[in-house]
Amino acid sequence: MVAVLVAAAFALPGGYVAWRVIGGTESPLALLTSPRTLSPLWRTVQLAVLVSASAAVLGTALAWVTTRTDLIGRRFWRVVVPLPLVYPSFVGAAAFISGLSPGGIVHDLAADLGFDLTMRLHGLTGAWLVLTLFTYPYVYLPVAARLASLPTAFEENARLLGDRPARVFSRVVLPQIGSSVAAGSLLVFLYTVSDFGAVHLMRFETLTQTIFRTRLFDRDRSFALALLLLVLALVVVAAERTITRAGARRGALLTSDATVGDRRALTVPLGRWAAPATGLVAGVVGLALVSPAISLADWGLFGWMRSRRGGAPLRLDWDDVLAPTWNTVWIGVTTAVIAVAVVLPVAYLTTRHRSRLGGAVNAVVVAGFAIPGLVVALSLVFWTMHASPFDFLIGSMPVLVFAYVVHFGAQAVRTAQVAVDAVPARMEDAARLLGAGRLRRLATVELPLMLPGLAAGAGLVMLSTMKELPATLLASPIGFRTLATQVWGTYEALFLPEMAILALILLAISALMTWLLVVRRSDHLR
Amino acid sequence: MNTRSISSRLVRSAAAVLILVVLTASATACGGDPDSLTVYSGRSEKLIGPIFEAFTAETGIALDVRYGSSNDLALLLAEEGDKSPADVFLSRSPGPAGYLDDLGMLSELDNDVLDRVATGDRSPDGTWVGFAGRGRVLVYNIDEVATGDLPDSVFDLTGPEYAGRVAVPGSNSSFQDWFTLFRLRNGDDVAIEWLDAMVTNDSRFYPKNGAIVEAVGRNEIQFGLVNHYYNFQKVVANGDAQRSANHGFAAGDDGGLMIIATATVIDSSEEKDTANRLLTHILSDAQQAYLTNKVYEYPLALGVMPADVLPPVPADRVGAVEIDDVAAEFTRTIEIIEASGILDQ
C-alpha cells in the first residue's frame, strides 16, 4: 500500500510529460518515423549501451580489488574511487577536455615526461570515455557494498579446494554480485540517457540534446521526445528486471545457505598482480578524478596568483562559499535519508512479493531517473500549482527535497532491493518464532544486515543531490544557493578561476562526506 | 557498536531531519512583503548581482532573485502562469521575452522606462526593453591569422581559405537569435544556401561560445562565430596566455549583430510600479556605465558611451526587426539548422 503511494508520487513527472503530449500537437509515434528523431535516438541507445558495459566492467573490477585483495592503501582507495560521481557533468567534461588538450596542464605535464596525450576528444568516443569515467561509481558503490556484506565461506572453500582467484571470481563471486552489477549498470544506462552536460561539450547530438534545444520554441516536439525517452527507459528497466530475476536464482541459492555473520575479512594476496592492480586503480582515479582536479587547481591557482601579483582580483568572497557549502551538505544528507526511507517499502514489495504490481511499481520508480531534472522541476511546479491544494508550498524546501527524491530515488531503490534480497528469509523466520514483532525484527535483524547496501544507495543519492543543477535552480526556495549553483553561475559568466575553486570545494566536501557516511559506516560491520 | 543503538539513532536523526524540513517550509512559505520584489534573472549573478545590490542600497527594497538559464526560467514562468511569484524577468535575449509576450504574460512598461533607449532597442508593443548588448563577432587565433587576412563579411567564410577552420555554435541560443534575423532579412533561400555552404566547407560544430573561444585560444580551430563578451572574460582570466582576439565584420555586414538582453515586467505582478522602478535603475547612467566598464557589454541607455576597449558598436539589433510569431520563427530556424547537418559536423 505504502509502496503504491510512493510509486504514484514517482509517476508525477512522467504523468506531466504524458499530459503535455496529449494536449500538444506532436505525436511521438509520428515523430518515430522521422530521421530527425531516429538518428539522435539511435545515437542515444548506442552511447548508453557502450557506457553501461564499460562502467560495469570497470566498477566491478575496482570493487573487487579494493574490498577483496591485499591492495596497498585499500581504505584510501575506497574513499576516492567513488568520487568522480560528484563532478557536475559539464564541469568534469570541460576540465577533462581542456586538461588533455594542447596547452592544458595535464597534456603539458605528460609531454614533459615524454608522453603525447593529444586527444581530440569529441563525438561518440569522447562521450563514451568521459561518461564511463564519471559513471562507474554507480556500479562500484553497490558492488563494493554487496561484497562487504557477503559471507566469505564459499570463496574460502573454493580457494582451499585449489581454485585460482580468477576461477573463484567467475564461479563463486560473480553469481553472488550479479544483481548488484546489473543494478548499477542500469543506473549508468539511465544516467547516460538523461545526461546533458558531457554529451553537449563532446558535440554528440543525443535525444536529450534535441529535447533541450527545442524546449522553448518547439515545446510540443520537445515533450513528445521526452515521452519517447521515458518509454525507452521503461523498456530497459523491465528487461533488466526480467534478466536479473532469471540470473538471481543461482546467486540466491548460494547466499541463503551460507552462514550469515561469518564476515572474517577475506583477502586474496595479489602477489605478482599487485603492480597491475595498483596501476588499474591509480590509472582510473588519475584519469577520472585527479586529471580534472589538476585542471581545476591550475585555473584556481592562476587566478589566485594573478590577484596576489596585483592583477584582477578573485571575484569570490566568503558569502559565495560558506552558506552554499552548508546548504549543499545538509540538503545532500537530508535527501539521502528521506530517499532511503521512502524507497524501502518499494524495495520490500518488489523483492519479497513477486507480483505484477511489484514489477510496475519498480518500473515507475526506477525509470524516473531517465527524466531530465528540468522536466522533474517543471512537473512539480505544474502539479502543485494547478492540481493540488498545496500551491502555497511552491518554492519551499519540501518541494525541492521531493523533487530530488523523485529524481534520484531510483539510485536508492536498486541498491535497497539488493540489500533486502540479501537478508535470508530463514533469519527472519527464526526471529519471528522467537516472538519478535514486525518493527523489532526490522530494527534488530534486518536493518543491520541491510546497512551497507542502504548506505551505498544513500551515498549515491547524496552525491547526486550535491551536484544537481536544473531542479535546484527552478524548484528551490528563491535565494537558496548550493555549491553546484555557484559553480554554474561562475561558469556561465566564464569566471574560470572562481569556478575552479568552488568546484574543488565541492569535491573536498564530497570526499569528506563519502568517508564519514558511506565508507566508515560499512566498515564498522567488518 | 550494538545494533539497537544504530537503529534508534537512525530513527532519531530521521525525525530531526523531518522537523527541520517542516520548520524551514513554514518559514519560507510566508511572503507577500510589499517592500520586496521577486526577480527571475537569466543573467548570471556574478554579472548583474552588483546592480541589484545597488538598487537595494538606494531604495531599501529587497530583491529575491531566482537565477537560471533564460529559456528554463521562461518555461517556469509559463508553467506558473498567473500564480507566478515573479515581478520582473530578465532574459539574455529577446527570444524568451517574445515567447512570454505571445502567451500574454508581459505587462506594458512605463513610458519613461521605454524612452531610456532607442526605438530599435525595445519591443514595438512596449512589453520589453533592452538593457545591455553583446555583439556577434568572429574570434580568431592571433598566432595563426594575420589581421590583414581577416574577412569583411560573414559570407566570406564559405571560401576555400576557411575550409575546416571555422567553428559554428549551431545549437546555441545566441547563434539562433542571429540566424533568425539573418534569415528574415535575406530570405530563407540565401540563409539556407549560406549554412549549407558552411557545412560543405567543413565548418565545425561546437556547443557553446565559451568552448569555441577556448578551442580557438589553443589553436584547435582558427576561427569561430561567437559573442564578443567571452574573449574579454578569457583575457581577464588568462592575460597574455590567451591567444585569441575578437574581429568585428565590416559595418553593415550581416555577420555583425547586437543581441540585446531584455527586461520585462510580469503581467500578474502586484508591484508593477516598483518593478518599473527597478528597470529605471538598471537603465540609469551609473548602472549602464558599470555594465560596459566592468562586464564589457554595450550600454543601451541613450547618452551612455560604450567602454573604449569594445569593438565598434554593431549596426544591427535583434529588436530592430519586428517578429510576428516568435515561436514559429524560432521553430523554423531550428528546423533549418537541423536539416543543414551542421550539428553532425
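Predicted model: local features only at pLDDT ≥ 70, side-chain atom pairs only at ≥ 80, totals over all residues.
Biologist: Let's begin with the chain contact. How many residues of chain B are in contact with chain A?

Modeller: Contact here means C-beta atoms within 7 Å. On that basis, 55 residues of chain B touch 55 residues of chain A.

Biologist: Which elements of chain B give two or more residues to that side?

Modeller: Among them are helix 1 (3-29), helix 2 (45-59), strand 2 (62-67) and helix 3 (70-80) of chain B. The list also includes helix 12 (326-340) of chain B. Helix 1 of chain B gives the most, with twelve residues.

Biologist: How do the residues on that side of chain B divide by type?

Modeller: There are 27 nonpolar, 13 polar and 15 charged residues.

Biologist: Now the domains. How is chain B divided?

Modeller: Into domain 1 (35-132 + 259-314) and domain 2 (134-257 + 331-344). The C-alpha centres of these two domains of chain B lie 27 Å apart. Their contact takes ten residues from domain 1 of chain B and 16 residues from domain 2 of chain B. The domain 1 side divides into six nonpolar, three polar and one charged.

Biologist: Where does helix 16 of chain A bend?

Modeller: To read a bend, compare the axis fitted to the seven residues ending at a position with the axis for the seven starting there. In helix 16 of chain A the bend is about 30 degrees, at Val343(A). A proline, Pro345(A), follows within four residues.

Biologist: Where does Asp202(B) lie, and is Asp202(B) buried or exposed?

Modeller: Asp202(B) sits in the loop between helix 7 (188-200) and strand 6 (204-205) of chain B. Asp202(B) has 12, so it is exposed.

Biologist: And where does Asn219(B) lie?

Modeller: Asn219(B) is in the loop between helix 8 and strand 7 (223-227) of chain B. Asn219(B) counts as partly exposed because it has 16 C-beta neighbours inside 10 Å.

How values were computed: Residues numbered from 1 in each chain as written. Chains lettered and ligands numbered in written order. Contact = placed C-beta atoms within 7 Å. Nonpolar A, V, L, I, M, F, W, Y, C, P; charged D, E, K, R; others polar. Domains from an automatic or database assignment. Buried ≥ 20, exposed ≤ 12 C-beta atoms within 10 Å, placed from the backbone.
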